[in-house]
Amino acid sequence: MASSTSSSGRSSSSSYNSNSKWRYDVFLSFRGEDTRKNFTDHLYSALDRGNINTFRDDEKLARREEISSELLKAIEGSRIAIIVFSKTFAYSKRCLDELVKIMECEKEKGQKVFPIFYGVEPSEVRNQTGSYGEAFKNHQKNADEEKKKKIEEWKVALRKAGKLSGFSLQNRYESKFIEEIVGEIRRSILKLVHVGDKIVGVDENVKQVKLLLDAKSNEVSMVGIYGIGGIGKTTIAKVIYYDLSDQYKHHSFLENVRERSKDDRGLLQLQEKLLCDILMDKTMKLSNVDEGIQMIKSRRYLGKVLIVLDDVDCPKKLRFFADSPDWFGGGSIIILTTRKKHCLNVNKAYSSYEAKGLAKSKALELFSWNAFKQHHPIENYVDLCNRVLHHAKGLPLALVVLGSSLFQRDEEYWESTLDRLKTIPLDDIQKVFQVSYNGLDDRCKKVFLDIVCFFKDCGEKIVTKILEGCRFHPKTELKELDEKCLISILDGFIRMHDSLQEMGWAIVREKYPKNPGKWSRLWEYEDIESVLTTNMGTENIEGMFLNMSNTAEPIKLHVEAFKNMNRLRLLKVGPYMVRLSQDFELPSRELTYLEWSGYNLESMPSNFHAYNLVELHLRFSRVRRLWEGNMDARMLKILYLSHSEQMVDISSISSAPKLEFLLLEGCTRVQVTQESSKESS
C-alpha cells in the first residue's frame, strides 16, 4: 500500500528536478500486515532522512478495499515506485491493483520501478509459486469472468515486475540493505531528471573539464569553471555532476551560492544543505559557520564525495565549503562555477577552465530550436538567423532568449528586432536580453519586474494569488514569460537566470540611477533605508521588500516616510527591521500585499486603506486589533496574525467577506467567537 504521509523536505536530487509532472520522488507500495511496522517503516525513515520526498499510505487508507483517487494520483505523480514484495503481498487485492497501476505508469509515463524481494525469491513473484501461488489459488475460488480477467492482469503485472532489476534481502543485515536501496534511489533520481530542454553544444566544454578531473585516481580533484553570465557554466557543471553521480555515494549540488550567501544566515543554511546531502540526513543543524567548517572537514572518513558549488562570487566564501583538498577523502571531486576568475587565482587548489561560447553551427542549432522548434532554420530565414547570431556572440542564454522572442514572428518583426540589436554594443549582453523584454506588452513587463525584484524562486501559486490581487492575469503573463524563456516554472517555483534578473534590475534603475526614490521597485536594504529615512519616496514606487539584514539597529521612520507613495501595492518588511512612531501614516489606496513581521503599533494607522488588500501578514506583531472602527476589506483573503500576543480583538474580520485563511497560532489573548472560528477553519 502506500502513505499520505510524505517526507516534508525536498531531496538533494529533487533540487534539480526540472519536470514538474512529478509530485513525489518515490511511491512506496507494500503489504501493511507484513512490513508496515518494521522493514517498510525503517525504509521510509531512511528515505525521509535522505530528504527523498516519499509517499506511503497511512493505516486508515490501508483499510479500504478499493484504491482511492488520492493513491492513484500519488502513483501517477511519483518518478520512482518501490514495491516491497513480501510473503503475503499477493493476498491483498489492493496491493495487486496498485501494482497494475504502477506497471501502467512505467510503460506510459516513464516511471522507474524498483522491486524489493523481502523474504521471497524473484522467481516466486515472477511465476506465482510458493506463497504467491497459494494466494492466487485463493483468488481463483468462485471467480466470475470479470474476476478472472482481473486475475490475469495481476499475473501479467507480477511477471513484469519480477523480471525487473531490484533488491533482494536474502541473508543480509537490514540496515545495510536499506542503506544500499537509499543510495541507489538517490542516484536514480539524478539520472531521471534532465538538465534542460534542447541542450546543444555542451559536449566540448564537458570534455575539457573532465580532462582536468581524475575520477579514477585517489587524489582530490578541484576544478573551477569561469566565464560570463549566460555562457552555460551551471549547465556544464550539472551535466558532469549527473554523469559522475553513479560513482559517488555522497554528493551535493549547491545552487546559487552567490545569491544565497549574502550573510552568515545564508552561509549557515548552505553549509547545512551540504552536510545534509553528503550525510543523507536532513536533520543536520549547525550553530554557526565555524562549526560548519569543522563539521565538513571532519567528514573525511566518509571517503570520496562529489560536490558542486554553483556561482561563487568571492574567494573568501570557499573557506566555508571547500577550501582545501585536505578537507576531503581520496577520489573526491569538487567543482565550482564563477564569473570571476579571481576566485580561482586566489585559491591555488583549484584548476581553472574558461567556458567557451558555441561554435556557429551549434549556435544556429540552439537558436533554431527556440525560434522554429526544429534543429534548423525554415526557408527564407537563414540570412536573418545569421544576422541574429552575430549579436548573440555564441552565448547560449542570448540564443535561447532571442530565439524564443522571435518564435512565430513574421520577417518584418525580425527586421525590427535586428534594427534594435544594431544599436547595441556587441559587448553589452544585458541590452541584447532587453530586446526580448521590450517586445512584451505593458502588463507582462510589470509582472516580469515584480518577479525580478521580489518573487524569483517563490512558489507559483503564492505569486499568482498576489498578482491576481494587483489586477493582473498572472496565468497569462507567466505563461508568456515562460514561453519567451525570461522565466521558467520548475517544480511549482518561478526560476530566472541571474543575468536576466540583473537586466531587470538595470531596467528599474535606468532612468534615475542615483535616485532610488524614483524607481518603481526597491529591494536592496541600503536603497530602502536611504529613501525611508530621508522621505525621498515618490509615487513611482509600486513595491518595496525590506528583507533580513545584518544591520543591528531597526530603521526609525518619520511619520511621512510613505506619504508620497500613493501607488504602493506590494510592501514587505522583515522581522523588527523598522521602528514606527505612533502617528505613522500609510496612505496608499493600491496596497494589495502587506507583510510586516514585528509590526510595533497597536493597530494599523488611521489613514490605512484595506479596500484592495488581498493578503495581510502581521506575524509577531504588537497589534491589539487590526484597525479602529469599520474598514472595508472586501478583497482580503489571507490574514496571518500568528504569535501576535497582544491581539485581543479580531472582530474586524467581519468586514472581510472573502476571507479564506486566518492564522491565529500563538495569539493567546484572542477570544474566538463561533463566527470567527468558521472563518479560521
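I looked up Glu-365 and found it partly exposed, at 24% relative accessible area; buried stands for under 20%, exposed for over 50% and partly exposed for the range in between (1.4 Å probe, protein chains only). The model is predicted, so I note that local features need pLDDT of at least 70 and side-chain atom pairs count only at pLDDT 80 or more, while totals for chains, interfaces and linings use all residues. Residues are numbered from 1 along each chain as its sequence is written, and side-chain values use heavy atoms, with hydrogens and water left out.

**Entry: salt bridges**

I took a salt bridge as a side-chain nitrogen of Lys or Arg within 4 Å of a carboxyl oxygen of Asp or Glu. My count by this rule is 45 salt bridges.

Glu-365 forms one of them with Lys-362, and the closest N and O atoms are 3.9 Å apart. Lys-362 is partly exposed, with a relative accessible area of 37%. Because Lys-362 and Glu-365 are three residues apart in helix 16 (residues 360-371), about one helical turn separates them. For such elements I used DSSP runs numbered from the N terminus: helices are H or I with at least four residues, strands are E with at least two.

Next I looked up Lys-273, which forms a salt bridge with Asp-277; their closest N and O atoms are 2.6 Å apart. Both residues lie in helix 13, four residues apart, or about one turn of the helix. Is this pair buried or exposed? I found both Lys-273 and Asp-277 buried.

I then checked Glu-415 and Arg-387, a salt bridge with its closest N and O atoms 3.0 Å apart. This pair links distant parts of the chain: Glu-415 is in helix 19 (residues 411-422) and Arg-387 is in helix 17 (residues 382-392), 28 residues apart. Glu-415 is partly exposed at 32% relative accessibility, and Arg-387 is partly exposed with a relative accessible area of 25%. I also traced one network, in which salt bridges that share partners join Arg-258, Glu-259, Asp-311, Arg-339, Lys-456, Asp-498 and Glu-502.

Which residue of strand 10 stands opposite Gly-224? I found Leu-336 there.

**Entry: strand 2**

I found strand 2 (residues 24-29) mostly covered, with six of its six residues buried. Strand 2 pairs in the parallel sense with strand 4 (residues 78-85) over five bridges, and Tyr-24 stands opposite Ser-78 in strand 4. Strand 2 also pairs in the parallel sense with strand 3 (residues 54-56), over two bridges; here Phe-27 stands opposite Phe-55.

**Entry: positive phi**

Most residues other than glycine have a negative phi. I noted Asn-256, which is not a glycine and has a positive phi of about 50°. Asn-256 lies in the loop between strand 8 and helix 12 (257-260) and is partly exposed, at 21% relative accessible area.

I also noted Arg-471, with a positive phi near 65°. Arg-471 is in the loop between helix 22 (460-469) and helix 23 (474-483) and is partly exposed at 46%.

Technical notes:
Pairing = 2+ DSSP bridges.
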